[in-house]
Amino acid sequence: MCITCGCSPSKHSASKKKVVDVFEKVLSNNDSLAARNRLILDQHNILCFNLMSSPGSGKTSLLEVTIEQLKDQYRIAVIEGDLETENDAKRIRDKGVPAIQIVTGSACHLEADMVFSALQKLDLPAIDLLFIENVGNLVCPASFDLGHHQNITLLSTTEGDDKPAKYPVMFRAADICVFTKTDLLDYLDDFDVHQAEINLRQLANTAPCIPLSTRQPQSMKAWFDLLVQTKLQHQQKLKQQKTFLPKMQKEGKTLHKETHYEPTSTVLA
Amino acid sequence: MHELSICNSLVSQVTKVAQSHHASAVTHIYLNVGLLSGVEPQLLQQAFPFASAETLADNAELHISMEPLEVRCLECFQTSKVTMQNLSCSHCQSWKTQLLSGDELTLARVELKIDED
């Protein structure tokens with residue numbers, strides 16, 4: 001007999017209800033693709049940073065100066081994410097390093113599968129340091145692990161020092177926080193480097209804060225030193241069969257179930 | 001608006017669960033969302049019908065439970081309820097705290113319709 005209306009089974013088939021407990025991260029698919037990217041990077045001894053910030057805060061300028069300074073020491077490559085144009089990739093290529101442009105169209109952030117496709121286009125054995133310049137956006141990119149090792153969040157002085165309080169999800173994800181355009185501090189009354197750091201600390205974030213201006217070479221030393229030091233730490237971790245995980249790998253209590261990478265043929269297509 | 005990407009991911013996840021139980025439809029989806037997950041529940045609700053159209057989750061009801069922000073202090077070891085802008089310990093004011101809950105984006109449970117022969 002049908003449990004819904006009591007009719008005979010021949011009239012229409014009955015259906016039953018089943019409740020299934022899942023407890024899985026909603027982005028577990030992206031996360032396992034990201035874990036695979038990280039494995040590929042680690043196998044090639046590549047340290048990978050994900051640069052995030054609002055548009056115009058100086059991600060590409062920071063990369064240009066960084067490449068200029070470190071290109072004799074490390075083999076550098078860049079993956080650029082933008083809604084439109086190849087402009088940023090061209091600026092990077094002009095510095096003599098390979099750059100892959102991902103044009104996302106209307107997508108407001110990069111995801112792990114896009115980065116996987118970009119990795120296919122790079123000569124991985126010839127890279128030591130890889131920078132991913134995410135789409136300029138202080139909201140969406142913070143939710144997606146790309147398979148990189150550390151998040152670098154930029155905050156330019158023209159944006160105001162309260163941005164960490166306004167965009168807590170993004171700034172909580174920062175492994176390194178860079179305050180850019182400090183050469184403009186004299187002209188601005190709403191950015192205090194100390195206050196910006198306090199706002200970041202209130203998010204329980206212990207990330208190093210580096211104030212700098214790409215126009216003032218003397219202000220760049222701490223940044224270059226940190227990159228060199230992080231590269232060394234990554235190499236040491238690899239020797240111990242470990243690696244860096246970016247802060248966005250969630251700590252919440254319901255997420256202790258680890259996601260595992262399972263090779264699938266569909267993502268390779 | 002990354003909520004559509006998240007809904008696409010959610011739909012493929014619940015579809016897999018439904019298929020593994022030979023269900024004919026997904027009727028209810030229960031999500032746990034933390035305030036610090038970076039996801040706007042209202043936008044998820046708006047994006048869901050687009051992501052679920054013509055899938056087993058079409059017309060499923062999406063239930064979102066917001067998880068409170070709770071931290072444990074790494075200095076005084078007490079737990080406190082906090083706000084998004086300030087995750088410092090409310091007992092000793094230290095900013096060296098660890099989030100216990102509030103950044104999750106978890107598929108907790110699904111309710112399936114299973115046809116009987």
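Student: In what order do the 4 strands of the open sheet stand?

Tutor: This is a predicted model. In general, strands of a sheet pair through backbone hydrogen bonds, either parallel or antiparallel. Here the order is S1(A)-S6(B)-S1(B)-S2(B), and the pairing is mixed.

Student: Which strands stand at the edges?

Tutor: S1 of chain A and S2 of chain B do; each has a single partner strand, so one side of each is left without a neighbour in the sheet. From one strand to the next, the twist averages 15°.

Student: Where does the pairing run antiparallel, and where parallel?

Tutor: S1 of chain A (residues 15-25) and S6(B) run antiparallel, joined by 9 bridges. In that pair A:Val20 stands opposite B:Val110. S1(B) and S2(B) pair in the parallel sense over 7 bridges, with B:Leu31 opposite B:Ile64.

Student: Which helices lie across these strands?

Tutor: H1(B) lies across S1 of chain A and S1 and S6 of chain B, at about 45° to S6(B). H2(B), residues 41-52, lies across S1 and S2 of chain B, at about 165° to S2(B).

Student: How many residues of chain B are in contact with chain A?

Tutor: 46 residues of chain B are in contact with 38 residues of chain A. S6(B) gives the largest share of the chain B side, 11 residues. By class, that side has 19 nonpolar, 18 polar and 9 charged residues.

Student: What is the size of the largest nonpolar core?

Tutor: In soluble globular proteins, nonpolar side chains tend to be buried together. The largest core here has 72 residues. Apart from it lies another core of 24 residues, among them A:Val26, B:Ala18, B:Ala57 and B:Val110.

Definitions and conventions: Residues are numbered from 1 along each chain as its sequence is written. Chains are lettered from A and ligands numbered from 1 in the order in which they are written. This is a predicted model: local features need pLDDT of at least 70, side-chain atom pairs count only at pLDDT 80 or more; totals for chains, interfaces and linings use all residues. Two residues are in contact if their C-beta atoms, placed from the backbone, lie within 7 Å. Helices (H or I, at least four residues) and strands (E, at least two) are DSSP runs, numbered from the N terminus. Ala, Val, Leu, Ile, Met, Phe, Trp, Tyr, Cys and Pro count as nonpolar, Asp, Glu, Lys and Arg as charged, and the others, Gly among them, as polar. Two strands pair if DSSP finds at least two bridges between them. A nonpolar core is a set of buried Ala, Val, Leu, Ile, Met, Phe, Trp, Tyr and Cys residues joined through C-beta atoms within 7 Å. A residue is buried if 20 or more other C-beta atoms lie within 10 Å of its own, exposed if 12 or fewer, and partly exposed in between; C-beta atoms are placed from the backbone. Axes are lines fitted to C-alpha atoms, for helices over the stretch in contact, and angles run from 0 to 180 degrees between N-to-C directions.
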